[in-house]
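Thanks for opening this one up with me.

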Amino acid sequence: MAISTNSPQITSTFIPKVRLRPTLPSHSSDKYSGPLGRQIPIQLERVVPALSFVRESHRSSTGLESEWITFVHPEGNKYYWQERLKIVSSNDANQSDYDSIFRHARNVIEDLARAQNANIQDAEAFFSAVGADGNAVDIDYYMVDHDKRVPFWLHPADVEQELLGVGPYESNDHLREDLPALRIMKRLTHPSTNDFHPELALKTEYWIHLESYPAHRTVSESAVEELAALLVHSGIDDVTSHGSISPWSADECLRYLRLFGEFKGQRPSSYQTAAIARVWSTLSRVRYMNRHGLPGPRLDRLQGIEAFIAGQLKSSVVLSIAEYLSFNIPKGMFLQLSELWNGRLVYIRHWDRFLDDYRGMCLRMASVSGGIICLATFLLSSKSLNNGMVAAISLGSIALLTSLYLHERHSNAKLGTAMDVAKFSETIEHISLKE
């Protein structure tokens, strides 16, 4: 078995114990960090006749070929699906050991469901064998309810706080009434503010799953129609509101709509499912961050900006004089950064615009400083040297070096993602509060 060198031997009379470990779609795939295969150069002597690659790899002799289907994701990675048991995996389940373990794991899931009087016949299971110890195999798993568009588990989910990336979590052992056998995480908050709703976060995880394994399932027409309506609304919101919470500009929304329009009239495909699921996952995450449909939602990017700015401003005579001498440039920069970091959320498209303007200002300052240095040098060559010229050259040199340093210090490469910007903004905020 390819799980580890210490894997238990599987025979027709012995199936190892499985240890089911809850995971999420966003944590279950390392396809972008996996090793690359060795590139083999094409040479004439290596070109082989047609159909010479039609041969079977090592498979069991139990007829697995008729049950496990191998799909290729639009990006190129393989995954495996079994329709009868509704199991999907990135492990090669055509190998008899994986097949036996996954069948056993599905039986365990079914036993748990029967014990809880839950019907999961239509639920899809994701399994990934991650290790083995003695006579037991560790399997990361989650179930998927495609009707309600959420992943779920059938036993208490002891999940680390970073699983959803938004705070400490504990297992919630009750079953929700609207979704049988769904075990979700509940945020540990003060009783008076305990209003966390993980369904929004799990919606995002559902679309990540569908994007990762798109070939055996299509997106419902209702989901496609809702996505198109959302993109139209997001574009209009961006045009009509300075504080729009749309993750994309109106032009970007139009591009998405035009691209999705190319799918109309075509047969459903993995390309269509993966593309739609990717956009849905982004919109779902934005909804989650903005508390969509919950009490106290974030309706505008600038909502609460006055209180946010007031909590950071400090009255100081020295600061006021410094701002006056610098033509209030620092104050304007502070207000722009406060808008970008309001609610401690970063919209990368607004940040990119600000960063381009800021770096452009640094280059303009460098150009002005360089001009001052050139002028002072010219006057110096005409023997008009005095203390003013020396001061101009010195200050111009300092301004030139400072501008170039700031231009490089805040480069797009170093602050290119929302995560980078959030960490940077949080660091600056903590420094300012300490001062």
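1. Rings of Phe, Tyr and Trp (its six-membered ring) pair if their centres lie within 6.5 Å; planes under 30 degrees apart count as stacked, over 60 as edge-to-face and the rest as tilted. Searching the whole structure turns up 14 aromatic pairs.

2. One of these is the tilted pair of Tyr 98 and Phe 102, with 5.9 Å centre to centre and 35° between the planes. Both residues belong to helix H1 (residues 96-115), four residues apart, about one turn of the helix; helices here are DSSP runs of H or I, at least four residues, numbered from the N terminus. Tyr 98 and Phe 102 are both buried, meaning under 20% relative accessible area with a 1.4 Å probe, protein chains only.

3. Phe 354 and Tyr 358 make a stacked pair, at 6.2 Å centre to centre and 20° between the planes. They are about one helical turn apart because four residues separate them in helix H9 (residues 348-381). Phe 354 and Tyr 358 are buried too.

4. Do look at the cluster as well: ring pairs link Phe 71, Tyr 79, Phe 126, Tyr 142 and Tyr 213.

5. Is Thr 204 buried or exposed? Its relative accessibility is 2%, so Thr 204 counts as buried. Thr 204 sits in helix H2 (residues 199-212). Beyond its neighbours within four places in sequence, Thr 204 is in contact (heavy atoms within 4.5 Å) with Ser 281, Ser 284 and Arg 285. A polar atom of the Thr 204 side chain lies 3.4 Å from the backbone oxygen of Ser 284 and one lies 3.1 Å from the backbone nitrogen of Arg 285.

6. A word on the basis: this is a predicted model, where local features need pLDDT of at least 70 and side-chain atom pairs count only at pLDDT 80 or more, while totals for chains, interfaces and linings use all residues. Residues are numbered from 1 along each chain as its sequence is written, and side-chain values use heavy atoms, leaving out hydrogens and water.

Key:
Helices (H or I, at least four residues) and strands (E, at least two) are DSSP runs, numbered from the N terminus. Buried means under 20% relative accessible area, exposed over 50%, partly exposed in between (1.4 Å probe, protein chains only). A polar contact is a pair of N or O atoms within 3.5 Å; within protein, one must be able to donate a hydrogen and the other to accept it, and residues adjacent in sequence count only if both atoms are side-chain atoms.
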